[in-house]
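Biologist: I would like to go through this model term by term. Please say what each label rests on.

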Amino acid sequence: MNQQSPILYDVRDQIAYITLNRPEKRNAMSAQLLQELDEALAKAESDTGVRVIVIQGAGKSFCAGYDLTPTKSNGASNLMSERNGELRNVRRWLRMLDMAKPTIAKVHGYAVAGGVELAMMCDLVIATDDAKFGYPIVRGTGTPPMFVFPWLIGLRMTNELLFTGRLVSGPEAVEMRLINRAVPADKLDEELKSITDAILAAPADLIELIKFGIQQQYEVQGMRAGLRAGFEVHMVGHRTQSVLDFHKIRQEKGLAAALSWRDDR
């Protein structure tokens with residue numbers, strides 16, 4: 001993975017740093033980025049010299065979601081091929097839940113749409129005060145592929161954020177228990193170190209068992225089944241008229257025009 005790669009990978013002091021590296025696109029997740037993210041996560045998980053995995057973004061934002069830039073199509077999309085492509089993303093996030101090592105999202109700028117999903121699949125999330133979290137896609141671009149918010153912030157706040165597409169700041173995200181900590185931008189690295197130092201001070205085998213035990217509490221409540229069921233809602237959303245209209249404009253006039261059409265309404 002070179003400096004032009006959409007994913008940068010570095011290990012320092014038993015911590016693997018995985019950096020989303022498309023700053024000119026606010027780290028929007030392209031197919032290549034997602035493939036290299038899978039490879040980096042697998043590499044960190046299998047490396048016995050790695051105890052903690054940190055995911056961060058280069059440039060001004062953590063991640064603006066999936067890359068919606070129009071691409072040349074080899075033919076008309078059909079429902080099953082579309083579903084299989086989207087399902088790969090869901091399986092990726094579920095694999096993150098199953099990782100034995102603690103994962104930390106270090107967020108600045110925007111973590112929205114697919115970007116907020118990536119952050120929420122991490123065990124811990126720390127952010128700058130001015131970070132923004134949410135699903136603006138519900139304004140007309142689709143539904144969340146992963147309905148993870150109810151498991152984190154409960155029914156009422158999930159309703160508000162997903163009915164409106166409103167973005168929340170770092171401190172508000174802490175208050176609603178969406179993330180762990182929010183600090184001034186110049187304190188983010190220091191805050192990360194305080195957390196990783198504490199984790200590294202504990203025995204690796206006990207941390208692995210504790211993480212597994214915590215996840216099992218959600219498993220017996222049906223979290224995984226709920227997330228998979230929410231994905232099927234997402235696929236139905238792809239066929240609603242508002243989403244079809246959005247993608248028609250995106251293909252004909254470009255992403256900026258489609259987003260303007262969505263938000264101007």
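Biologist: Which residues does Ala 64 touch, not counting residues up to four places away in sequence?

Modeller: Ala 64 touches Lys 25, Arg 26, Asn 27, Ala 28, Tyr 110 and Val 112. Contact here means heavy atoms within 4.5 Å. This is a predicted model, in which local features need pLDDT of at least 70 and side-chain atom pairs count only at pLDDT 80 or more, while totals for chains, interfaces and linings use all residues. Residues are numbered from 1 along each chain as its sequence is written, and side-chain values use heavy atoms, with hydrogens and water left out.

Biologist: Why is Ala 64 called partly exposed?

Modeller: Its relative accessible area is 29%. Buried means under 20%, exposed means over 50%, and partly exposed is in between (1.4 Å probe, protein chains only). With 29%, Ala 64 is therefore partly exposed. Ala 64 lies in the loop between β3 and α2 (79-98); helices (H or I, at least four residues) and strands (E, at least two) are DSSP runs, numbered from the N terminus.

Biologist: What makes β1 and β9 edge strands?

Modeller: The open sheet has 6 strands in the order β1-β2-β3-β4-β6-β9, with mixed pairing. β1 (7-12) and β9 (181-183) each have a single partner strand, so one side of each is left without a neighbour in the sheet. Two strands pair if DSSP finds at least two bridges between them.

Biologist: How do you know that β2 and β3 pair?

Modeller: 6 bridges join β2 (residues 15-20) to β3 (residues 52-57), and the requirement is at least two, so they pair. The two strands run parallel, and Tyr 17 has Val 54 as its bridge partner in β3.

Biologist: How do you know that β7 and β8 pair?

Modeller: β7 (residues 132-134) and β8 are joined by 2 bridges, and at least two are needed, so they pair. They run antiparallel. The bridge partner of Lys 132 in β8 is Ser 169.

Biologist: What makes up the lining of the second largest pocket, by class?

Modeller: The lining has 18 nonpolar, 2 polar and 3 charged residues. Ala, Val, Leu, Ile, Met, Phe, Trp, Tyr, Cys and Pro count as nonpolar, Asp, Glu, Lys and Arg as charged, and the others, Gly among them, as polar. A pocket is an open set of points on a 1 Å grid over the protein atoms alone, where a 1.4 Å probe fits, with protein on both sides within 12 Å along at least five of seven lines; lining residues have an atom within 4 Å of a point. α7 gives the most to this lining, with 6 residues.
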